[in-house]
Amino acid sequence: MIFGSIENFDKEKSVYASAITMGLDYLSKTDFIAMPIGRYDLSEGIFALVQEYQTESKAKRRPESHVDYLDVQYIVQGEEIISYAYLTEDCRVEENQLPKNDMIFYSKKIADEVDLNLSAGMFAVLFPWDVHRPCVTKKVDSKVKKVVLKIPVSAVLR
């Protein structure tokens with residue numbers, strides 16, 4: 001997992017894989033405030049999902065992971081917590097949606113979860129071995145606008 005702020009991207013971009021750099025560059029140069037929700041295809045199989053939603057309590061959110069894509073979750077407006085833990089044998093699969101949605105949901109009890117506090121301009125890069133629980137309320141339920149970049153693992157591990 002990588003956790004950062006888009007304002008530091010220019011100083012850090014040399015350390016990222018080229019597909020992640022391309023995605024973060026897109027985030028840093030795009031005005032998402034007025035952009036409608038939806039899917040936006042970029043290049044090399046990368047796509048952006050522009051979302052708006054209300055955060056929820058941690059108890060209502062399910063931990064998840066992906067196999068074919070990494071997530072770059074970028075907060076445009078608002079704030080949320082993304083809980084994060086390393087995928088271990090103790091993570092119990094509740095629902096496998098891999099063939100249809102590249103998503104696995106786990107039981108709500110995940111050992112050693114860490115809460116990442118994200119506000120506007122912050123991002124988290126989540127790899128297939130990173131279980132994450134996004135869209136969690138920080139202080140009070142609030143409206144969030146977020147972009148989730150989906151980057152094929154194959155584009156990163158070349």
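Author: A polar contact is a pair of N or O atoms within 3.5 Å, where, within protein, one atom must be able to donate a hydrogen and the other to accept it, and residues adjacent in sequence count only if both atoms are side-chain atoms. The model here is predicted, so local features need pLDDT of at least 70 and side-chain atom pairs pLDDT 80 or more, while totals for chains, interfaces and linings use all residues. Residues are numbered from 1 along each chain as its sequence is written, and side-chain values use heavy atoms, with hydrogens and water left out.

Reader: With which side chain does the side chain of Ser-65 make a polar contact?

Author: The partner is the side chain of Tyr-106, at 2.7 Å. Ser-65 belongs to strand β4, residues 64-65; strands (E, at least two residues) and helices (H or I, at least four) are DSSP runs, numbered from the N terminus.

Reader: Is Ser-65 buried or exposed?

Author: Buried means under 20% relative accessible area, exposed over 50%, and partly exposed in between, with a 1.4 Å probe and protein chains only. Ser-65 counts as buried because its relative accessibility is 2%. Contact means heavy atoms within 4.5 Å, and, leaving aside residues up to four places away in sequence, Ser-65 touches several residues, among them Met-103, Tyr-106, Pro-128 and His-132.

Reader: Where is the place of Asn-8?

Author: Asn-8 is found in the loop between β1 and α1 (9-12), and this residue is partly exposed, at 24% relative accessible area. Although Asn-8 and Arg-133 belong to one model, their C-alpha atoms are separated by 25 Å, and the two residues are 125 apart along the chain.

Reader: In what order do the six strands form the open sheet?

Author: Two strands pair if DSSP finds at least two bridges between them. The order in this sheet is β1-β10-β5-β12-β3-β2, with antiparallel pairing. Each of β1 (2-5) and β2 (38-41) has a single partner strand, so these two stand at the edges and one side of each is left without a neighbour in the sheet. Neighbouring strands are turned by 20 degrees against each other on average, direction ignored.

Reader: How many bridges pair β2 and β3?

Author: Four bridges pair β2 with β3 (residues 47-54) in the antiparallel sense. Along this pairing, Arg-39 stands opposite Leu-49, and Tyr-40 has Ala-48 as its bridge partner. Five residues lie between the strands of this hairpin, where Glu-44 takes a positive phi near 55 degrees. Strand β3 is also joined to β12 by eight bridges, again antiparallel, and there Glu-52 is partnered by Lys-145.

Reader: Which strands does helix α2 lie across?

Author: Axes are lines fitted to C-alpha atoms, for helices over the stretch in contact, and angles run from 0 to 180 degrees between N-to-C directions. Helix α2 (residues 18-29) lies across β2, β3, β5 (69-77), β10 (122-126) and β12 (143-152), and runs at about 150 degrees to β12.
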